[in-house]
Amino acid sequence: MTSMTCHNLEFFRTTTLDFGGCGCSSHSSFDRLHHVKDSKKGFLGGYNAGKLECCRRDVGRCRVFSTKSPETLLSGIVPGPPPVLDLKESTNPISLPNLFEDVADDLQALNKNLLSIVGAENPVLMSAAKQIFGAGGKRMRPALVFLVSRATAEIAGLKDLTKEHRRLAEIIEMIHTASLIHDDVLDESDLRRGKETVHQLYGTRVAVLAGDFMFAQSSWYLANLENIEVIKLISQVIKDFASGEIKQASSLFDCDVELDEYLIKSYYKTASLIAASTKGAAIFSGVDTDTSESMYQYGKNLGLSFQVVDDILDFTQSAEQLGKPAGSDLTKGNLTAPVIFALEKELKLRDIIASEFCETGSLEEAINVVKSSGGIEKARELAKEKADLAIQNLQCLPSSPYRLALEEFVKYNLERIA
């Protein structure tokens, strides 16, 4: 009988675990023992603290590892909490082409299929789709689908991706594209990634219909996957998009908006789709519920970190770098993390925002106050906090180039504001 002591990383107390009954012998093919203590924080707090897995898959020995320290095969005492992200250690910036190199063929096939699954019934809709698909998008979401698919397929013993994995990636990109078209209409944005938006080129009516059509088309392909869990998961995302827009519209220029409200809105508008993408990929690999839930949490925390970084860049980059006017969210009264943190220290910022920037130079003054008050620095801390959680969520995966790429993507996101 083997005994092991591990540290609960959330509560800093120790627990002794007995693995004598885990079934790890030469006759067992795949057995697990889970020990979980969940930290019940707020809506978007930590996940699955202190979880151990004892597993075996067609090997002559049992591997015991902690989801809090991914590179260590435990043979005794867990050596304390896992390392957190430290961008100072990175000597070379991470590039997306290198990051997605292991799924480059998958992305190339996706790019070829996107226009064909939109359909060619209406030339105007096809032209609108070509405009948005060809506007220099990074294909981040389908790349995450492919990376999680391949990382979890190894657990399930799959030799290659299934057709469901590939179709899911296409559906996710269609949904994301539809949401961008509608976002640009609602925000009255003339530029997207440095190019004219669909509604600017074809008018609001065509843009709204193009977005609606792509939502409908993606829903049809989703239904044909015939997996009720994934259908529910992705359907909820479309509902979340609407909830996020309503929540944002109802709080414009509201200086009393709280950080939790901002995070919930960011979840609805950004993190929900990424979380559904990564969890859906794991579901189609056929892994256990704990692993698919960890992939959901990874996507959620990555998505929140990504949104906070985007909101920081709205203050720190130029219009040329952003591909849209700098400070555009603040101009429209959408108060993001840097502003919310700045409002805690600078009372005069409240008055400037409440005036809705009616005076000449008031917007520039507000931006300067946000920068000088420490709002951007505190937002950086928030982005890193969510990034650290995302890294921890990956620790249920075996070491592989795909898991490494998922970790590196988290670091790439933070490097945008380093």
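The model is predicted: local features need pLDDT of at least 70, side-chain atom pairs count only at pLDDT 80 or more, and totals for chains, interfaces and linings use all residues. Residues are numbered from 1 along each chain as its sequence is written, and side-chain values use heavy atoms, with hydrogens and water left out. The chain holds 17 helices and eight strands; these are DSSP runs numbered from the N terminus, helices being H or I with at least four residues and strands E with at least two.

**The chain as a whole**

- Of the 418 residues in the chain, 53% are buried, where buried means under 20% relative accessible area, exposed over 50%, and partly exposed in between (1.4 Å probe, protein chains only).
- The accessible surface comes to about 19,200 Å², and carbon and sulfur atoms account for 50% of that; such areas come from the Shrake-Rupley method with a 1.4 Å probe, and for residues only the protein chains shown count as cover.
- Among contacts between residues at least 6 apart in sequence, 69% join residues at least 24 apart; a contact means heavy atoms within 4.5 Å.

**The nonpolar core**

- The largest nonpolar core has 111 residues, and Leu-330, Ile-353 and Phe-409 touch the most other members. Helix 9 (residues 259-285) gives the most to this core, with twelve residues.
- A nonpolar core here is a set of buried Ala, Val, Leu, Ile, Met, Phe, Trp, Tyr and Cys residues joined through side-chain atoms within 4.5 Å.

**Helix 8**

- Helix 8 (residues 228-249) has 22 residues and reaches 32 Å from its first C-alpha to its last, close to the 32 Å expected at 1.5 Å a residue. The expected span is 1.5 Å times one less than the number of residues.
- Its N-terminal end is capped by Asn-227, with a side-chain oxygen 3.1 Å from the backbone nitrogen of Glu-229.
- The buried residues of helix 8 include Val-230, Leu-233, Ile-234 and Val-237, along with Asp-240 and Glu-245.
- Helix 5 (163-187), helix 7 (204-223), helix 9 and helix 10 (289-316) are among what covers them.

**Helix 4**

- Helix 4 (residues 140-156) has 17 residues and spans 24 Å from first C-alpha to last, close to the 24 Å expected at 1.5 Å a residue.
- Helix 4 is largely enclosed by the rest of the structure, because 15 of its 17 residues are buried.
- Gly-157 follows helix 4 and has a positive phi, near 80°.

**Single residues to look up**

- Ser-272 sits in helix 9 and counts as buried because its relative accessibility is 2%. Not counting residues up to four places away in sequence, Ser-272 touches Val-237, Asp-240 and Tyr-267.
- Ala-178 belongs to helix 5 and counts as buried, at 0% relative accessibility.
- The C-alpha atoms of Ala-178 and Asp-212 are 7.1 Å apart, although 34 residues separate them along the chain. Leaving aside neighbours within four places in sequence, Ala-178 is in contact with Gly-211, Met-214 and Phe-215.

**Cysteines**

- The structure holds zero disulfides, a disulfide being a pair of cysteine sulfur atoms within 2.5 Å.
- Cys-255 counts as buried at 10% relative accessibility, whereas Cys-358 counts as exposed at 60%.

Technical notes:
Polar contact = N/O pair within 3.5 Å; in protein donor to acceptor, adjacent residues only side chain to side chain.
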